Amino acid sequence: MNLKKDKQKVLGEVFDEKRIAGFLAGEAPEGINRDYHLLERAYRSMRVENFATFVQLFQAQGLDLDSPGPDGKTLLARINEHRLGDDYSEILKAAGARS
């Protein structure tokens, strides 16, 4: 049997504002704070400049930058543990997030 991927990895994907806003939709898995889930999903999927736009849209919806994840940490606290998270951390701090 020959298995092959049905999707190719796309590098340099374009995220326009409509696509970025799409990350505000959806439900979180059971037991996970929805605001945290949306924020983390955007962080894991977007480049820095797209994430900055997402955070603005996220706040405009009245969502909570300081919502806790499953371990009780905010996304900012988690990003501060990542070696390459400085730019994302700065975006969250500038928007008023606390660790």
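Which residues are buried in helix 3? They are N50, F51, F54, V55, L57 and F58, where buried stands for under 20% relative accessible area, exposed for over 50%, and partly exposed for the range in between (1.4 Å probe, protein chains only).

## Basis of the model

The model is predicted: local features need pLDDT of at least 70, side-chain atom pairs count only at pLDDT 80 or more, and totals for chains, interfaces and linings use all residues. Residues are numbered from 1 along each chain as its sequence is written, and side-chain values use heavy atoms, with hydrogens and water left out.

## Overall architecture

The chain contains 5 helices and 0 strands, in the order α-α-α-α-α along the sequence. Helices (H or I, at least four residues) and strands (E, at least two) are DSSP runs, numbered from the N terminus. Of the 99 residues, 37% count as buried. The chain exposes about 6800 Å², of which carbon and sulfur atoms supply 48%; the areas come from the Shrake-Rupley method with a 1.4 Å probe, and for residues only the protein chains shown count as cover.

Among contacts (heavy atoms within 4.5 Å) with a separation of 6 or more, 54% join residues 24 or more positions apart.

## Helix 3

Helix 3 comprises the 13 residues 48–60; at 1.5 Å a residue it should span 18 Å, and its end C-alpha atoms are 19 Å apart, which agrees. The expected span is 1.5 Å times one less than the number of residues. Seen down the axis, the buried residues of helix 3 fall within an arc of 165 degrees, so they line one face of the helix. This arc is that of the directions from the helix axis to the C-beta atoms.

Q56 and A60 are exposed on the other side of helix 3. The cover over the buried residues includes helix 1 (17–21), helix 2 (34–45), helix 4 (75–79) and helix 5 (86–94). After helix 3 comes G62, with a positive phi near 75 degrees.

## Nonpolar core

A nonpolar core is a set of buried Ala, Val, Leu, Ile, Met, Phe, Trp, Tyr and Cys residues joined through side-chain atoms within 4.5 Å. The largest such core has 24 residues, of which L39, M46, F51, F54, F58, L75 and L92 touch the most other members. Helix 2, helix 3, helix 4 and helix 5 are the elements that give two or more residues to this core. Leaving aside neighbours within four places in sequence, L75 is in contact with Y36, L39, E40, Y43, F51, S67 and L92.

## Salt bridges

The structure holds 8 salt bridges, each being a side-chain nitrogen of Lys or Arg within 4 Å of a carboxyl oxygen of Asp or Glu. One of them pairs D66 with R98, the closest N and O atoms being 3.4 Å apart. D66 lies in the loop between helix 3 and helix 4 and R98 in the segment after helix 5, so the pair ties together parts that are 32 residues apart in sequence. D66 counts as buried at 17% relative accessibility, whereas R98 is exposed at 58%.

E90 and K93 both lie in helix 5, 3 residues apart, about one turn of the helix; their side chains meet in a salt bridge (3.8 Å, N to O). E90 is partly exposed, with a relative accessible area of 47%, and K93 is partly exposed, with 41%. Salt bridges that share partners join D71, K73, R78 and E81 into one network.
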